[in-house]
Amino acid sequence: ALQNCQKDNSQGNNAQLSMTSNNGRRGFLLRSVSLLRRTFISISRDFEYNGARVGALFIMSLILGAVYSRSVNILVSGDLQTRMGMWFTALSFSATVHFATALPAAFSRRAVFNRECRASQMYAPEAFGIAVLVSEIPWIIGSIALFSAIFYSLAQGLEGAFSNFFINTFLLSLSFNALAHLLASLAPSSYAAQVLGYFAIGLYVLFGGLFVTASAIPSGLRFLFLLNPMRHAFFSVSATQFYC
């Protein structure tokens, strides 16, 4: 009888733990969905943030397109270098704009995160990170689509390779946006985050594949070349544009 009683108690405890676990998973899912909806509305209503990145990309797409509109014909090596610099400039500028505009917005959301997540424990940190990332994606796609359409048409990119340029520009800009949120969560102040961020961007540009080749980089620093998101985006776009 004692064994049967212990067995029943064990089964009851397991069932209670299972119900608690299921409720926890459901609670996390409901909180994540609610947080995602609120974060998306908050970012969509931030006209200063969205207007800054869309406006900057719109103006620079016109300027870069006008500057490189006559560099289509590649007759000598200097023309090829100019054309490669055009794609590198377009990629680096669009990504840097998303970093520069996302950093202040990330710091403004940091106060909300500290109050609601760390102090009140209203939701998990993972839910907040996912909500911010997913909410940023539509706006990054929209701003990059505007920039790519104008710049690509004015610069007369290779016909049929627009999707490759758009995808690489989007992924690079998304990684720079994520870098801004990472530094906003780790740095003690906005000034420190800016210094660290632009230092990282400087390394991205230096080891991005345009100014120095892999063979010329010391072996101890070669990982900065291999793990560089700008290098991968630039090589992908260049391979598509100059394959022939």
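**Helix packing and ring pairs: a walk-through**

User: Let's start with α2 and α4. What hand does the crossing of α2 and α4 have?

Analyst: It's a right-handed crossing, with α2 passing α4. Keep in mind that this is a predicted model.

User: How should I describe the packing of two helices in general?

Analyst: Two packed helices are described by the angle between their axes and the distance between the axes. Here, helix α2 (residues 47–67) and helix α4 (residues 125–155) pack at about 15 degrees, and their axes are 8 Å apart. That angle makes α2 roughly parallel to α4, because angles under 35 degrees count that way.

User: Which residues of α2 and α4 meet?

Analyst: On the α2 side, they include Tyr49, Arg53, Leu57, Phe58 and Leu64. On the α4 side, among them are Glu136, Trp139, Ile140, Phe147 and Phe151. The residues of this contact divide into 17 nonpolar, four polar and two charged.

User: Which parts does the pair of Phe151 and Phe165 tie together?

Analyst: Phe151 lies in helix α4 and Phe165 in helix α5 (residues 162–186), so the pair ties together parts that are 14 residues apart in sequence.

User: Are Phe151 and Phe165 buried or exposed?

Analyst: Phe151 counts as buried, at 0% relative accessibility. Phe165 also counts as buried, at 0% relative accessibility. Phe165 has another partner in Tyr152: those ring centres are 5.7 Å apart with planes at 35 degrees, so this pair is tilted. Tyr152 in helix α4 and Phe165 in helix α5 are 13 residues apart, and their pair links distant parts of the chain. Tyr152 is buried, with a relative accessible area of 7%.

User: Which residues do ring pairs link into a cluster?

Analyst: The cluster consists of Trp87, Phe147, Phe151, Tyr152, Phe162, Phe165 and Phe166.

User: And zooming out, what does the secondary structure of the chain come to?

Analyst: You've got eight helices and zero strands. Of the chain's 244 residues, 38% are buried. Looking at contacts between residues at least 6 apart in sequence, 77% join residues at least 24 apart.

Terms used
Residues numbered from 1 in each chain as written. Predicted model: local features only at pLDDT ≥ 70, side-chain atom pairs only at ≥ 80, totals over all residues. Heavy atoms only, no water. Axes fitted to C-alpha atoms, helices over the stretch in contact; angles between N-to-C directions. Helix = DSSP H or I, 4+ residues; strand = E, 2+ residues; numbered from the N terminus. Parallel < 35°, antiparallel > 145°, perpendicular 65-115°, else oblique. Left-handed = near helix turned anticlockwise from the far one by under 90°. Contact = heavy atoms within 4.5 Å. Nonpolar A, V, L, I, M, F, W, Y, C, P; charged D, E, K, R; others polar. Buried < 20%, exposed > 50% of the residue type's maximum accessible area, 1.4 Å probe, protein only. Phe/Tyr/Trp six-rings, centres within 6.5 Å; stacked < 30°, edge-to-face > 60°.
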